[in-house]
There are 2 protein chains.
Amino acid sequence: MFDPIEKLKEFIRQPSVSTDSRCAEGMKGAQELVSGLLATLGFSVEVVKTERHPIILAERRGEPDWPHVVIYGHYDVQPADPLNLWKTPAFEPTIIGNRIYGRGAADNKGPLITNIAAVALALEANPKLPLKITFLIEGEEEMGSPSFPQFLERYADRLRAADFVFLSDTALPNEQQVVLTCGLRGLTLFDVHLTGAKGDLHSGLHGGVLRNPIQALAEILASLHTADGRVNVPGFYDGVLDVHPWEREELKKLGADEAAYADFLGIDTFYTTPGFSPFESARFQPTLEFNGIGGGYQGEGTKTVIPSKAFAKLSCRLVPNQQPDCIKQLVMDAIRARTPKGIKLEFVDQHKGEPYVVVPPGRSNTPANQSPVLARAFRAADSAITEVWGRPPLYLREGGSVPIIAEIKRVTGLDSVMFGLFLPEDNLHAPNEGFNLDVMKKGTETTRRILVALAAAQG
Amino acid sequence: MFDPIEKLKEFIRQPSVSTDSRCAEGMKGAQELVSGLLATLGFSVEVVKTERHPIILAERRGEPDWPHVVIYGHYDVQPADPLNLWKTPAFEPTIIGNRIYGRGAADNKGPLITNIAAVALALEANPKLPLKITFLIEGEEEMGSPSFPQFLERYADRLRAADFVFLSDTALPNEQQVVLTCGLRGLTLFDVHLTGAKGDLHSGLHGGVLRNPIQALAEILASLHTADGRVNVPGFYDGVLDVHPWEREELKKLGADEAAYADFLGIDTFYTTPGFSPFESARFQPTLEFNGIGGGYQGEGTKTVIPSKAFAKLSCRLVPNQQPDCIKQLVMDAIRARTPKGIKLEFVDQHKGEPYVVVPPGRSNTPANQSPVLARAFRAADSAITEVWGRPPLYLREGGSVPIIAEIKRVTGLDSVMFGLFLPEDNLHAPNEGFNLDVMKKGTETTRRILVALAAAQG
């Protein structure tokens with residue numbers, strides 16, 4: 001059995017920043033570390049080339065009637081900038097107390113090593129464990145997984161033979177309470193570009209003559225929400241999945257404190273979809289958000305121009321069963337209809353991701369045809385978490401997006417069991433990223449028990 | 001008599017960019033060139049120190065009953081960037097056909113040399129010309145004349161003894177038609193800064209929970225105009241001076257072509273104050289304009305943040321008799337009242353300028369107490385322009401702002417006769433600035449005749 005903490009240190013030392021071409025060595029090192037580790041555990045490892053960074057597909061094959069889990073993770077990390085804000089070197093793992101610091105410690109190197117360690121322990125105890133395991137470890141997650149859809153299509157048949165996906169790339173609200181994430185928001189993103197005159201104009205000579213594209217943009221953006229905060233686009237809410245009473249109940253058990261949340265955000269009042277608490281709104285309702293805006297003179301002092309151009313970056317977070325393409329069309333149509341004469345409109349399409357939902361077994365809205373192995377996996381996870389952490393997990397939809405989860409579902413039909421291990425203080429995508437070693441230890445034991453229970457149910 | 005074109009070339013060779021500290025030599029060279037030239041013409045020259053660039057005060061004194069004209073100009077120029085767009089070197093004067101190219105050729109070096117040459121010719125023909133002349137040539141016009149108000153206060157008594165101000169720092173609509181500018185818009189400028197959460201937030205985890213400052217900014221800005229294009233701020237139009245029928249008639253004589261104007265701007269529809277043509281709207285009506293906007297992520301691709309901050313740069317062009325401070329207060333009050341809960345609002349005050357109007361003699365609304373010398377100056381200018389250019393000038397208010405004109409009026413009581421010499425093709429503040437040498441020649445002769453006529457009326 002390898003030492004998980006030493007392996008995690010080696011892994012963090014590889015600067016595997018997928019978006020930085022200067023990190024080719026680190027990407028290769030990280031990939032080889034994971035591939036090599038899985039090979040020593042007896043996995044048949046395939047390193048699948050893509051246009052950018054390869055995907056590791058490592059299989060432990062078995063009998064046709066064994067349950068089959070796909071364990072997802074990623075070996076790439078976010079850039080470490082700004083380096084001057086790090087208290088310890090970003091790519092030199094440093095243990096302080098019960099935490100290990102370094103870029104990727106929590107996203108996703110720590111949780112990935114946790115799950116590999118759990119597999120290693122389970123196989124060490126029982127080399128004949130009746131469980132098929134496929135590791136699917138990509139190197140482009142922090143770039144938006146551009147090669148993943150093509151890979152999925154190509155390997156769909158092999159993946160479709162599995163029963164479900166297991167991953168640790170979501171959040172743990174605090175050290176005591178595990179969440180099994182049962183839903184993710186999707187998203188659709190695009191930019192709006194407006195043009196008025198063919199160049200910037202002197203606001204004295206020409207002011208009062210023509211439409212200013214900043215004014216037009218402000219009027220269009222202002223029209224996209226009602227006064228009470230709903231999205232003011234016809235049809236926007238048509239597909240929105242109802243919130244089941246058990247979901248609201250489950251959320252209440254989280255015991256989140258509105259005052260503490262407002263303080264964390266630095267705001268004195270919330271602004272939510274009417275009828276939803278802040279915690280409900282982020283999980284159960286879609287948004288239309290403005291991520292950026294620009295136009296005209298933005299420097300020091302003044303420049304008395306009527307700008308030629310202005311733009312905004314829009315994104316919608318979508319809940320099941322909204323369709324990104326359909327929502328984008330509705331919003332674009334509304335913007336087009338509200339663009340005044342004298343202003344030219346262009347859209348720049350950005351990326352998108354489907355929302356995702358899975359209902360754990362035994363809920364009022366659990367699908368009748370739910371995969372029995374998936375249901376067993378949820379039950380095994382519930383028991384293991386209750387035993388190891390001392391209280392049962394909560395089943396919650398999250399506000400964030402992991403588009404590949406819906407993509408895997410769409411292409412292979414597989415649902416996901418998302419066992420979150422990041423704590424709020426882990427500083428994902430930020431300086432001083434860290435991972436809690438007690439969480440790592442408990443996570444390893446939890447995943448080990450889930451795997452053993454799944455196999456035992458079979459045997 | 002000096003050679004005006006050679007002197008203009010020398011002047012252009014001095015890179016007198018007042019905002020660029022690397023141009024100290026050029027500023028000094030330009031100042032010394034003008035001071036020296038006026039000294040050789042017999043003027044008593046004082047170089048008045050300011051915090052930045054000195055003001056040249058050059059006087060030709062005379063008998064108490066002689067008329068007294070103050071000729072205004074400036075020896076500083078705009079920066080020449082972007083240099084790569086210049087077809088000839090920015091600070092190496094180049095004559096092509098009847099045009100001289102170089103930074104400052106039109107703004108304001110060419111027109112200033114034109115007026116100095118006219119003085120030189122008049123004094124050469126009659127060294128005893130019964131006319132007091134004060135040249136007032138500043139070096140900070142392109143910076144917004146920061147030292148000018150303090151200078152005015154200090155020299156108010158000496159300036160107050162004059163009869164009127166004469167300057168050539170306004171526009172000529174085409175080579176055939178001179179305009180004597182009778183009004184200028186004022187302005188007030190400030191920035192609006194909004195803050196939501198204390199930092200940028202992940203739009204997945206927190207989207208749907210709080211107000212986005214870009215949305216708040218869009219809603220506030222959108223509220224500042226009515227659907228038909230008027231400024232939607234209570235009291236905004238209260239002080240607006242009525243347009244006299246003669247002003248509309250005068251404007252018609254300009255024969256400006258709306259289709260050609262739309263084509264020049266690159267727009268397919270105008271957007272004016274209701275009831276005003278585009279040409280009227282820019283001259284006779286105030287505006288509230290958005291010069292810049294910014295917030296959140298503006299780079300390539302996407303970043304799914306809810307930004308903490310957003311800002312906009314606002315300016316109002318004001319017509320007589322709107323007061324900049326009063327209008328700014330009205331607009332700020334409206335913005336404050338329209339800022340939603342959960343958003344912090346801050347203003348950054350920028351500069352301002354009063355609007356200005358002077359009514360030429362013989363109009364229905366000419367003030368009864370108009371200075372007789374001012375009235376004579378207008379009549380002399382009308383005759384000289386008619387003789388030299390073959391048609392009388394038009395008397396028009398302009399949309400632009402020259403704040404020092406109102407400031408001079410406020411402090412000294414002096415009105416201005418504005419004899420414009422810039423053509424639309426002169427590219428002021430842009431690459432390939434040039435000045436028409438035929439305009440220079442006709443301008444010199446016109447100003448000479450005005451000065452001689454004023455003196456003759458006295459004699």
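Start by selecting residues 287-296 in chain A and in chain B: these are strand β11 of each chain, and the two strands pair in the antiparallel sense over 5 bridges. Within this pairing, pick A:Gly292; its bridge partner in β11(B) is B:Gly296. Keep in mind that the model is predicted.

Now widen the selection to the whole contact between the two chains. Here 66 residues of chain A are in contact with 66 residues of chain B. On the side of chain A that touches chain B, the elements giving two or more residues include α5 (213-222), α8 (278-284), β13 (309-318) and β14 (344-353). Which element gives the largest share of this side? It is β11(A), with 9 residues. Colour this side of chain A by residue class and you will find 23 nonpolar, 33 polar and 10 charged residues.

Next, stay in chain B and select residues 94-96 and 434-436, which are β4 and β18, together with residues 99-101, which are β5. They form an open sheet of 3 strands in the order β4-β5-β18, with antiparallel pairing. β4(B) and β18(B) stand at the edges with a single partner strand each, so one side of each has no neighbour in the sheet. On average, neighbouring strands here are turned by 25 degrees against each other, direction ignored. Between β4(B) and β5(B) there are 3 bridges; B:Ile95 has B:Ile100 as its bridge partner in β5(B).

Move to chain A and select α1 (residues 4-13) and α3 (residues 105-125), whose axes come within 10 Å and cross at roughly 145 degrees. The crossing is right-handed. Show side chains for A:Leu8, A:Phe11 and A:Ile12, which are among the α1(A) residues in the contact, and for A:Ile113 and A:Ala117, which are among those of α3(A). By class, this contact has 7 nonpolar, 1 polar and 2 charged residues.

Last, select α4 (residues 148-160) and α11 (residues 403-412) of chain A, where the axes come within 9 Å and cross at roughly 50 degrees. That angle makes α4(A) oblique to α11(A). α4(A) passes α11(A) in a right-handed crossing. Residues to click on include A:Phe148, A:Leu152 and A:Leu159 in α4(A), and A:Ile404, A:Ile408 and A:Val411 in α11(A). The contact of these helices has 8 nonpolar, 1 polar and 3 charged residues.

Definitions and conventions
Residues are numbered from 1 along each chain as its sequence is written. Chains are lettered from A and ligands numbered from 1 in the order in which they are written. This is a predicted model: local features need pLDDT of at least 70, side-chain atom pairs count only at pLDDT 80 or more; totals for chains, interfaces and linings use all residues. Axes are lines fitted to C-alpha atoms, for helices over the stretch in contact, and angles run from 0 to 180 degrees between N-to-C directions. Helices (H or I, at least four residues) and strands (E, at least two) are DSSP runs, numbered from the N terminus. Angles under 35 degrees count as roughly parallel, over 145 as roughly antiparallel, 65 to 115 as roughly perpendicular and the rest as oblique. A crossing is left-handed if the near helix is turned anticlockwise from the far one by less than a right angle, and right-handed if clockwise. Two residues are in contact if their C-beta atoms, placed from the backbone, lie within 7 Å. Ala, Val, Leu, Ile, Met, Phe, Trp, Tyr, Cys and Pro count as nonpolar, Asp, Glu, Lys and Arg as charged, and the others, Gly among them, as polar. Two strands pair if DSSP finds at least two bridges between them.
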